Amino acid sequence: DVSFTGDNLAFLATSLDSTIRLIDFESGVMLNNYKGHSNSKLKCKNSLLNNDAFIVGGSEDGKLFIWDFLSTEI
């Protein structure tokens with residue numbers, strides 16, 4: 001799953017290694033990553049909340065995770 005930041009300068013990419021990555025749109029450089037959820041078999045969605053202050057993502061165990069955009073803490 002892919003979600004763009006509000007300014008469209010970066011995007012979140014969910015992958016099947018239980019990591020959501022923040023990628024700079026122009027350079028392709030990974031800016032940050034978010035872990036703690038389980039995602040190895042199914043497509044789990046992600047989204048940005050509250051003017052990009054938080055990231056929310058689903059997990060295969062049925063839980064919903066919310067990370068701080070800057071600190072990456074759950």
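**Salt bridges**

I started with the salt bridges, taking one as a side-chain nitrogen of Lys or Arg within 4 Å of a carboxyl oxygen of Asp or Glu. By that rule I get two salt bridges. This is a predicted model, so I kept to its cut-offs: local features need pLDDT of at least 70, side-chain atom pairs count only at pLDDT 80 or more, and totals for chains, interfaces and linings use all residues. Residues are numbered from 1 along each chain as its sequence is written, and side-chain values use heavy atoms, with hydrogens and water left out.

Lysine 45 comes out exposed, at 55% relative accessible area. For that call I used these classes: buried is under 20% relative accessible area, exposed is over 50%, and partly exposed is in between (1.4 Å probe, protein chains only).

The other pair is arginine 21 with aspartate 17, where the closest N and O atoms are 2.7 Å apart. Arginine 21 is partly exposed at 25%, and aspartate 17 is partly exposed at 41%.

Next I went to the strands. I took helices (H or I, at least four residues) and strands (E, at least two) as DSSP runs, numbered from the N terminus. Two strands count as paired if DSSP finds at least two bridges between them. As a reminder to myself, strands of a sheet pair through backbone hydrogen bonds, either parallel or antiparallel.

Four strands make an open sheet here, in the order β1-β2-β3-β4, with antiparallel pairing. Its edges are β1 (2-4) and β4 (30-35), each of which pairs on one side only. Neighbouring strands are turned by 20 degrees against each other on average, direction ignored. For such angles, axes are lines fitted to C-alpha atoms (for helices over the stretch in contact), and the angles run from 0 to 180 degrees between N-to-C directions.

I then followed β3 to both neighbours. Six bridges join β2 (residues 10-15) to β3, and five join β3 (residues 19-24) to β4. Arginine 21 turns up again: it is the bridge partner of alanine 13, and its own partner in β4 is asparagine 33.

The β2 and β3 hairpin has three residues between the strands, and serine 18 takes a positive phi near 60 degrees. The hairpin of β3 and β4 has five residues between them, with glycine 28 in the turn at a positive phi of about 80 degrees.

**Sheet of β5 to β7**

Three strands form another open sheet, ordered β5-β6-β7 and paired antiparallel. β5 and β7 (64-68) are the edge strands, each pairing on one side only. The twist averages 25 degrees from one strand to the next. Four bridges join β5 to β6 (residues 54-58), and leucine 48 has isoleucine 55 as its bridge partner in β6.

**Surface patch**

Last, I noted a nonpolar surface patch of about 300 Å² made by Val2, Phe4 and Phe25. Patches take residues with over 30% relative accessible area and no salt bridge, joining like charges within 9 Å and nonpolar side chains (Val, Leu, Ile, Met, Phe, Trp, Tyr) within 5 Å. Accessible areas come from the Shrake-Rupley method with a 1.4 Å probe; for residues, only the protein chains shown count as cover. Valine 2 belongs to strand β1 and is partly exposed at 48%.
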